Structures are given as C-alpha cells and as structure tokens.
Amino acid sequence: MKQQVESERRDEPLLRRAFEVAKASREKGDHPFGAILVSPDGRILREQGNGYTSEGGDMTAHAERLLATWASKNHEPAYLSQCTLYSSAEPCAMCSGAIYWSGIGRVVYGQSESGLKALTGNHSENPTLDLPCRDVFSRGQRPVVVIGPLLEEEAAEIQRDFWSAHSS
C-alpha cells in the first residue's frame, strides 16, 4: 500500500501534465485528449494532443496512438519498456495495441473508458469501445503495467461539456 501511495504521488503531477496537453488540444479545436511519454528517469520525452482535426479528420489520430508511433520510430523497445505513457483518458483498444506493439512498459491514465462513454454517448466522432486497456494488454506476451483510473473526476472535467457542444 505504501508503494502504491508513493507511486500515485509521483504519477499525479505527470498525469496532470497530460491533462494540460488535453486542454491545449481542445483549445486548438481538437478533441480533448492528451498524452505524454516519460523516460525512466522522469523526463518528458514528448507531449501529444489528439490529432482528429489537425490530421484532417483522421479517426485514428488519437493522442496515445500518435505518441506510440513516434516512440516506436525514435526509441528501442528495451528502452521503451522502462518508459511510462500518461494519458488523460484510458487508451482505447486501438491505442492499447499501438502502445503494446511500440514496447512501452507502463501506462497511467485519468478517465476510464467506461466513464468517457457515459459522457460522450453515441457521438459519431467518438464511438467509444468500452474495452478496458488491461483486457487488451492481458492478451499480450509481455507485461504492461497499468495504473488508473487516477484523478478521474479531474480528467472528466476536461471532457464534460465538449461532446454536447460538438453535435454528431
């Protein structure tokens, strides 16, 4: 329990940074999701907002998928296995697959996929798959540590009125 509390204390500021990236994505007119990749020694390697609008309506341009693709192109899997991806919301099935294939070894997320689905409803720009990332990772041949939901109410605030304002 003590180790979990210490981990959360270390993770919360970095997760809040992912929240800031999500807010910036929203302010630029994109979907309100953000992710950061952090090195084993705690340095932020890259920040990534959602790319739906900025990538020309690409439904696959989720922040986590874009970040995992960048990571895979720029770092070896052995290094990435020691890195943490912080995400404002739980990685969807597609993003979980990209994280797994890139070699990233740890994920910390804010809002759960089921919580996101409850907010978005059946929105055409976010047809949420209510499939927990833990389920996707559990089918793999290497472990991916998952922490979350963490600071879920704070994470949900980023999404709260966005989807109703963007009619489907």
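Start with helix α5, spanning residues 113-120: Glu113, Leu116 and Thr120 are buried here, where buried means under 20% relative accessible area, exposed over 50% and partly exposed in between, with a 1.4 Å probe and protein chains only. Looking down the axis of α5, the buried residues sit within an arc of 60°, so they line one face of the helix; the arc is taken from the directions from the helix axis to the C-beta atoms. An α-helix has 3.6 residues a turn, so residues three or four places apart point the same way. Helices (H or I, at least four residues) and strands (E, at least two) are DSSP runs numbered from the N terminus.

This is a predicted model, where local features need pLDDT of at least 70, side-chain atom pairs count only at pLDDT 80 or more, and totals for chains, interfaces and linings use all residues. Residues are numbered from 1 along each chain as its sequence is written, and side-chain values use heavy atoms, leaving out hydrogens and water.

Next up is a helix pair. The axes of α2 (residues 63-74) and α4 (residues 93-102) come within 8 Å and cross at roughly 15°, which makes α2 roughly parallel to α4 (angles under 35 degrees count as roughly parallel, over 145 as roughly antiparallel, 65 to 115 as roughly perpendicular and the rest as oblique). Axes are lines fitted to C-alpha atoms, for helices over the stretch in contact, with angles from 0 to 180 degrees between N-to-C directions.

Then there is Gln141, in the loop between α6 (133-138) and β5 (145-147). Gln141 counts as exposed because its relative accessibility is 82%.
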